[in-house]
Amino acid sequence: MSTQNQTNNHRNTQNPGETTAVLQTEKLSVYYGDTLALRDVYMEIPKQRVTAFIGPSGCGKSTLLRCFNRLNDLIDKCRVEGKVFYRNKNLYSPKIDPVEVRRRIGMVFQKPNPFPKSIYENIAYGARIQNRKENMDELVERSLQRAALWSEVKDKLKENGLSLSGGQQQRLCIARAIALKPEVVLMDEPCSSLDPVSTQRVEELIHELKEEYTIIIVTHNMQQASRVSDYTAFFNAEESDKGNRFGYLVEYDETGKVFSNPQAQATKEYLSGKFG
Ligand SMILES: Nc1ncnc2c1ncn2[C@@H]1O[C@H](COP(=O)(O)OP(=O)(O)O)[C@@H](O)[C@H]1O
Ligand SMILES: [Mg+2]
């Protein structure tokens with residue numbers, strides 16, 4: 001993948017070679033009302049890899065993540081310009097059903113948000129509204145196994161999801177996301193409200209899940225990015241002529257390269273803790 005900076009932000013990013021891209025953006029910009037929040041992002045997200053988004057607060061990481069499953073549609077005044085391709089189809093074409101997009105491209109949020117329902121129903125609910133014809137008990141067990149939660153909850157599936165610890169709730173949300181059989185799982189700072197032990201479990205889980213899924217994780221924790229991701233995208237914010245700050249993609253490459261040999265000065269400074 002190539003790096004990108006302010007003088008070079010119209011260049012298409014390269015395919016990393018050994019993998020195919022699942023998602024691709026072209027000159028993607030996002031506005032809230034008249035305010036530019038994210039500018040001219042060109043990037044490809046490789047299949048069955050973990051891509052980390054890092055950068056200071058307010059540089060548009062969550063905004064970009066939401067573009068990938070059209071969650072920004074639900075935010076008043078949010079306007080997306082440019083293109084996002086999912087398997088070479090324009091996600092923002094009028095022919096595309098955003099509900100189907102969100103099934104294929106799932107999301108796990110910063111704060112665990114189980115439904116106020118039983119552990120079992122947290123998993124089964126989505127499949128049921130999709131009218132899926134499979135054995136529900138099996139789906140529940142398999143999804144909880146996959147999310148490394150089964151052994152902890154198998155004897156209390158009727159208890160409320162909200163009765164679990166924070167770390168367990170987050171794994172329940174991951175189980176709920178993968179029960180819908182998505183291709184991509186977006187994770188927006190999924191460990192920021194978890195203790196170190198739960199964080200480690202979720203990180204292990206991310207490692208296992210990439211065998212099957214494409215994962216994008218936003219994280220504030222640079223050690224986490226270096227531990228879990230194959231590719232890292234560093235975003236930064238800059239002041240516009242109108243005096244507001246907008247985010248842009250600075251550098252995007254294999255995680256080892258970004259951390260050991262960052263190309264942009266801003267990346268170097270961010271990684272060495274000079275700002276954040
Ligand atoms: N729902 C929203 N309404 C208006 N502005 C928003 C909204 N969400 C984010 N923004 C603005 O967009 C910019 C990028 O925010 P965000 O994507 O949350 O950044 P990050 O996730 O990198 O911290 C910020 O200036 C933020 O204030
Ligand atoms: Mg965010």
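Visitor: Ser62, then. Is it buried or exposed?
Guide: Ser62 is buried, with 22 other C-beta atoms within 10 Å. The cut-off for buried is 20 or more. Keep in mind that this is a predicted model.

Visitor: Which element does Ser62 lie in?
Guide: Ser62 lies in helix α1.

Visitor: And what is Ser62 in contact with, leaving aside neighbours within four places in sequence?
Guide: Asp188 and Val218.

Visitor: Now the ligand. Which residues surround ligand 1?
Guide: Ser62 is one of them.

Visitor: How does the shell around ligand 1 split by class?
Guide: There are 6 polar, 4 nonpolar and 2 charged residues.

Visitor: Where is Gln170 found, and is it buried or exposed?
Guide: Gln170 sits in helix α6. With 30 other C-beta atoms within 10 Å, Gln170 is buried.

Visitor: Which residues does Gln170 contact beyond its sequence neighbours?
Guide: Leaving aside those within four places, Gln170 is in contact with Pro112, Pro190, Leu194, Ser198 and Val202. There is also Lys111, 59 residues away along the chain, with its C-alpha 7.8 Å from that of Gln170.

Visitor: What about helix α6 as a whole? How many of its residues are buried?
Guide: 13 of the 14 residues of α6 are buried, so the rest of the structure largely encloses this helix.

Visitor: What span should α6 have, and what does it have?
Guide: Helix α6 covers residues 166–179, and at 1.5 Å a residue it should span 20 Å. The end C-alpha atoms are 20 Å apart, which agrees.

Visitor: What comes just after α6?
Guide: Lys181, with a positive phi of about 55°.

Visitor: Which other residues have a positive phi without being glycine?
Guide: Asp40 has a phi of about 50°. Gln48 also has a phi of about 50°.

Visitor: Where are those two?
Guide: Asp40 is in strand β2 (residues 35–46). Gln48 is in the loop between β2 and β3 (50–54).

Visitor: How many C-beta neighbours do they have?
Guide: Asp40 has 19 other C-beta atoms within 10 Å and is partly exposed. Gln48 has 17 inside 10 Å, so Gln48 counts as partly exposed.

Visitor: Back to contacts. Where is Leu139?
Guide: In helix α4, residues 136–146. Leu139 is partly exposed, with 19 other C-beta atoms within 10 Å.

Visitor: How far is Leu139 from Ala179?
Guide: They are 40 residues apart in sequence but 6.9 Å apart in space, C-alpha to C-alpha. Beyond its neighbours within four places, Leu139 is in contact with Ala179, and with Ile123, Ala124, Ala127 and Glu134 as well.

Visitor: And the core? Which members touch the most others?
Guide: The largest nonpolar core has 75 residues. Ala175, Val185, Leu186, Ile215, Ile216 and Ile217 touch the most other members.

Visitor: Which residues does Ala175 contact?
Guide: Leaving aside neighbours within four places in sequence, the contacts of Ala175 are Ile123, Ser143, Leu144, Arg146, Ala147 and Leu149.

Visitor: Last topic, the whole chain. How many helices and strands are there?
Guide: There are 10 helices and 10 strands. The radius of gyration is 19 Å, close to the 19 Å from the globule rule for 276 residues, so the chain is as compact as a globular protein of that length.

Visitor: What are its spans along the principal axes?
Guide: The C-alpha trace covers about 55 × 40 × 40 Å.

Visitor: What share of residues is buried?
Guide: Of the 276 residues, 45% count as buried.

Visitor: And what share of the contacts is between residues 24 or more positions apart?
Guide: 69% of the contacts with a separation of 6 or more.

Definitions and conventions. Residues are numbered from 1 along each chain as its sequence is written. Chains are lettered from A and ligands numbered from 1 in the order in which they are written. This is a predicted model: local features need pLDDT of at least 70, side-chain atom pairs count only at pLDDT 80 or more; totals for chains, interfaces and linings use all residues. Helices (H or I, at least four residues) and strands (E, at least two) are DSSP runs, numbered from the N terminus. The expected span of a helix is 1.5 Å times one less than its number of residues. A residue is buried if 20 or more other C-beta atoms lie within 10 Å of its own, exposed if 12 or fewer, and partly exposed in between; C-beta atoms are placed from the backbone. Two residues are in contact if their C-beta atoms, placed from the backbone, lie within 7 Å. A nonpolar core is a set of buried Ala, Val, Leu, Ile, Met, Phe, Trp, Tyr and Cys residues joined through C-beta atoms within 7 Å. A residue is near a molecule or strand if its C-beta atom, placed from the backbone, lies within 6 Å of it. Ala, Val, Leu, Ile, Met, Phe, Trp, Tyr, Cys and Pro count as nonpolar, Asp, Glu, Lys and Arg as charged, and the others, Gly among them, as polar. The radius of gyration is taken over C-alpha atoms; the globule rule is 2.2 Å times the number of residues to the power 0.38.
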